[in-house]
Amino acid sequence: MKQDSLEITTCFQQLAQPEDGLPKAASVARKAARVGGGRADAGTFGSCPLQHAAVKQNSGSLAMAAAAPSLKHWRTALERVEKFVSPLYFTDCNLRGSLFGDRCPVAALASFLTPERLSYEDAVQQDFSPAQVGHRFGPTWWTCWFRVELIIPESWVGQEVHLCWESDGEGLVWRDGEPVQGLTTEGEKNSYVLTSRLGEGDPRSLTLYVEVACNGLLGAGKGSMISPPDPEKMFQLSQAELAVFHRDIHKLLVDLELLLGIAKGLGKDSQRSFQALYTANQMVNVCDPTRPETFPVAQALASRFFGQRGGDSQHTLHAMGHCHIDTAWLWPFKETVRKCARSWVTALKLMEQNADFIFVCSQAQQLEWVKSHYPSLYAQLQAFACQGQFVPVGGTWVEMDGNLPSGEAMVRQFLQGQSFFLREFGKLCSEFWLPDTFGYSAQLPQIMRGCGITRFLTQKLSWNLVNSFPHHNFLWEGLDGSRVLVHFPPGDSYGMQGTVEEVLKTVNNNKDKGRANHSAFLFGFGDGGGGPTQTMLDRLRRLNNTDGLPRVQLSSPDQLFKALESDQGQLCTWVGELFLELHNGTYTTHAQIKKGNRECERILHDIELLSSLALARSAHFLYPVTQLQHLWRLLLLNQFHDVVTGSCIQLVAEDAMKHYEDIRSHGNTLLSAAAGALCAGEPGPEGLLVVNTLPWKRTEVLSLPKPGGAQSLALVTVPSMGYAPAPTPSSPQPLQPQQPVFVMQETDGSVTLDNGIIRVRLDPTGHLTSLVLVASGREAIAEGALGNQFVLFDDVPLYWDAWDVMDYHLETRKPVVGQAGTLSIGTEGGLRGSAWFLLQISPNSRLSQEVVLDIGCPYVRFHTEVHWHEAHKFLKVEFPARVRSTQATYEIQFGHLQRPTHSNTSWDWARFEVWTHRWMDLSEHGFGLALLNNCKYGASARGNILSLSLLRAPKAPDATADMGCHEFTYALMPHEGSFQDAGVIPAAYSLNFPLLALPVPGPAPATAWSAFSLSSPAVVLETVKQAEATTQNCTLVLRLYEAYGSHVDCWVYTSLPVQEAVLCDLLERRDPAGQLSSRFTPEGHLFSLPSEVSSACAPASIKLST
Ligand SMILES: [Zn+2]
């Protein structure tokens, strides 16, 4: 035993760096002896590589024999080290217990409680009352401001001094009127560094303010995380004191925890694992927590271990600080503003302390909030962005949902986001960043590329319930063949903490071993956790290059993707959507939010079109640039991945509804103003203008206001993207080749509606028993089956209530049975015929529906009103079609895709509930049935049954979600030929973009007018808007896409005076080779679309100068 101690001493003599001249070797020897004496030779583990080296050097084989016997007990060694760093056990004598030294209470504490989220300037003016540790405050969503007066003891000169603060809620420290650090227990931020070394003459008295929000990192759920918030929750301050912090002990703790992680992570088959364990064990031997002079020896042992390098082939982890902040979720939007400040100021301090630390930050909206609420913090972020430490990523306004927003809205996410990043940070983002969204549209690759982005990072598909996605690195090919490089961090997380376990998971889990040797490692507490900590950085630095582990470098997205791009040739390609096999309930939950989204997308479309036309025709019209930007940003904000999806708390849903209301009310004002300007000066008979905002001519039945508030039906024809005067009794009626609608009720109570195009037959309970294409006599409803069948399902997911509908809900299908005799004729026929009925869905919920058929219309509409009061039920409507096909088609952004109607493979059956936009279609050769809707997104086609998801009733995180009254419309369109040739796409547009009857201040024009039309029905002119940041007053941007999935030649005709037409990208940057060939006609201007626009569902833009 004595011999052993001597050997160890020799070893340590080589390692110790006695800066202070202390006789280290001697003290270490004493320590080893002491420990060894008390703990059965624990100090004599002969496997220490250091010890071996020393032994060999000194005495050869004799000494080797002398180094034994060592105990080879894995578990006791491991647990011994664990106890040495434990925050729970043996803190009276272990290393963790000595992390903080002397302590003293704060000199004075006072508090002020408010339901408002006040500015610092307002808050400090308030009356503060004395408070103590133990102070309770609340309730939920209130804010408690603390004034903290400190006097640092003089004897602490030379020491690092912290304010140790522990309270419920999320805190922000203010010093000299500036935010300086976030405090949150859940994010391991319980102390604020007052000084890293108190100098002789430094001021020792200080007043700080701590602003504590009464909500946790994840809100205030009662009982479980996603339960609705507890409004009465109270919060408590449990610690507020000054303490001396021992940085050297902190470093040892980091080392020991990493060594433990390596020992456990590499396991007993690994030589390196044992080396880590015995190094740690030896460190415990030499380290006396009460004697700092013993620390350097322990540190040297660790440094020796971590300095043993790996080989050239090691995998490289690109560690980037991150803090995913949900823009609203289990807390309201306004709290997110403060979460951003708390998190980013904390990251900023780390950037100051660590010049190599890089923090990536997405979502322009959050930066915009911080800019307006915390200008000095924002200026510092901009400064760090110049140095490359603060890296804006993503390019979008918010991290939006990847399924539900329209194509145009997705483009606007990038347009608003990228222009913000360019203006504020001097460059466009080159990576799309959406780690936490519930699936990714097949249209995203094209949109990304059109917005200057070729790289994409996410990880959410690791949540798939059924299938494991086969790649972490791949090329993702969208609808038109555009490709982007995608990286999923293989650790399956965007909130790592720098542990060995995570590092090993990242490298072991990587599904592209041998193909890609670089991975992202995103570290930092998300949401209210305040992002990364110094400890995480210390860990990652230690793992820079250590044998047995991947190489870890603090890095940026650009460095990661550049490395991946250099090996891109090895990667596989994934074509089409990235479907998340979970959270399929988010296509339906919170139906009013979904309806607001669809409706407001339409309103903004219509305003932009009419304002553009007014701009082109009237020298006096001012395009409402600022108002439109404001309204668009509200819509984009609501498209955040926990808002439009309905997975938010009630407070957020209420805010979202207010945003929609703003868009509706301001939008209507803007529409009227544009309509007024558009027809100013054109004399006409009446102050009513009928407007068609779609790019094709329409003849439809429209309800027009009559004097006295009544409405009358009229059949009107309006040219494409143009207007027509409202018909009057004296104006000529449009040609009516169509048969008037014929309505008849049989004696059995059933009703037939027939407009010569389709014939609809409803049974006395409102079921659709027959739907016939009159010309061919072809029946669309499956033989013996009932269409318009409402069905209820039990809807109890495994956990994520608002998010998930599980596969097994299909096993609980219960058809809703109606009562005969409720079906009546509504409108008698002629221009319009209808029948309506009532249906009791359950004891608490009921439905009324009007089934409407218009003259000349190829589809029958179902106007539905539901009073919905359920718990964990799912309402759908089904249409069994007389169609056989293994694929159904669903509309997505700027295009469509197909999904199977069968469950052959696990990938097929995992898509039992899918999303669509305005239509879905089931077609066989020569015939098909399309199901259109005006505000729904959830759908499925199983076998021959088309099903539209109508309403859910989840209870968490919003117990009131979807309770109450709902109105929506769906429509059914049988057709010959393909959905493309049959006009399903324009029909679905028409259902969603009704003709507008707009009152205008003066007389309306006497003649119809069209601004734009196209030569090919395959191309849709989706958007007409003023160009962003245009120097000339009247430059318009036209967004078009080919909607059939084909290659076509197409000309655009416009009656506007065009000086120049050029191709541009989705950010409206001119394509240098994008001059469009054009020719003049007597009535206007024709220009041909380049192939980029007229092929394969690709969105593209052209710029018109008028
Ligand atoms: Zn999120």
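Reader: In what order do the strands of the open sheet that contains β37 stand, and is their pairing parallel or antiparallel?

Author: The order is β32-β31-β37-β44-β43-β40, and the pairing is antiparallel. The sheet is open and has 6 strands. Two strands count as paired if DSSP finds at least two bridges between them. Strands are DSSP runs of E of at least two residues, helices are runs of H or I of at least four, and both are numbered from the N terminus.

A word on the basis. This is a predicted model, with residues numbered from 1 along each chain as its sequence is written. Local features need pLDDT of at least 70 and side-chain atom pairs pLDDT 80 or more, totals for chains, interfaces and linings use all residues, and side-chain values use heavy atoms, without hydrogens and water.

β32 (814-815) and β40 (914-915) stand at its edges. Each has a single partner strand, so one side of each is left without a neighbour in the sheet. Look at the β32 edge. Its partner there is β31, residues 789-794, joined to β32 by 2 bridges. The two strands run antiparallel. V791 has P815 of β32 as its bridge partner.

Follow β44 (945-951) out of this sheet. The loop between β44 and β45 (964-976) holds P957. A cis peptide bond joins A956 to P957, with omega about 5°.

S111 is bridged to S129 in β3. Angles run from 0 to 180 degrees between N-to-C directions, and axes are lines fitted to C-alpha atoms, for helices over the stretch in contact.

The loop between β4 (136-137) and β5 carries P139. The peptide bond from G138 to P139 is cis, with omega near 0°. Most peptide bonds are trans, and most residues other than glycine have a negative phi. H590 has a positive phi of about 60° and is not a glycine. H590 lies in the loop between β21 (572-575) and α17.

The UniProt annotation "domain: Glycoside hydrolase family 38 central", from an unreviewed entry, covers residues 581-660. UniProt positions follow the numbering used here, feature names are shortened, and annotations may be inferred rather than shown by experiment. The span is 65% helix and 0% strand, and its end C-alpha atoms lie 30 Å apart.

Helix α17 (residues 591-617) packs against α19 (residues 650-678) at about 25°, with axes 9 Å apart. That makes α17 roughly parallel to α19. (Under 35 degrees is roughly parallel, over 145 roughly antiparallel, 65 to 115 roughly perpendicular, and the rest oblique.) Their crossing is left-handed. (The near helix is turned anticlockwise from the far one by less than a right angle; clockwise would be right-handed.) Their contact has 19 nonpolar, 5 polar and 4 charged residues. (Ala, Val, Leu, Ile, Met, Phe, Trp, Tyr, Cys and Pro count as nonpolar, Asp, Glu, Lys and Arg as charged, and the others, Gly among them, as polar.)

Next, α12 (residues 407-425) and α18 (residues 625-638). Their axes are 10 Å apart, at an angle of about 115°. That makes α12 roughly perpendicular to α18. The crossing of α12 and α18 is left-handed. E408, A409, R412, Q413, Q416 and R423 of α12 meet Q629, W632, R633 and L636 of α18. By class, this contact has 3 nonpolar, 3 polar and 4 charged residues.

Last, α4 (residues 74-85) and α6 (residues 247-266). Their axes come within 10 Å and cross at roughly 150°. That makes α4 roughly antiparallel to α6. This crossing is left-handed. From α4 come W74, L78, V81, E82, F84 and V85; from α6 come L253, L256, E257, L260, A263 and K264. The residues of this contact divide into 9 nonpolar, no polar and 3 charged.

Terms used. Contact means heavy atoms within 4.5 Å.
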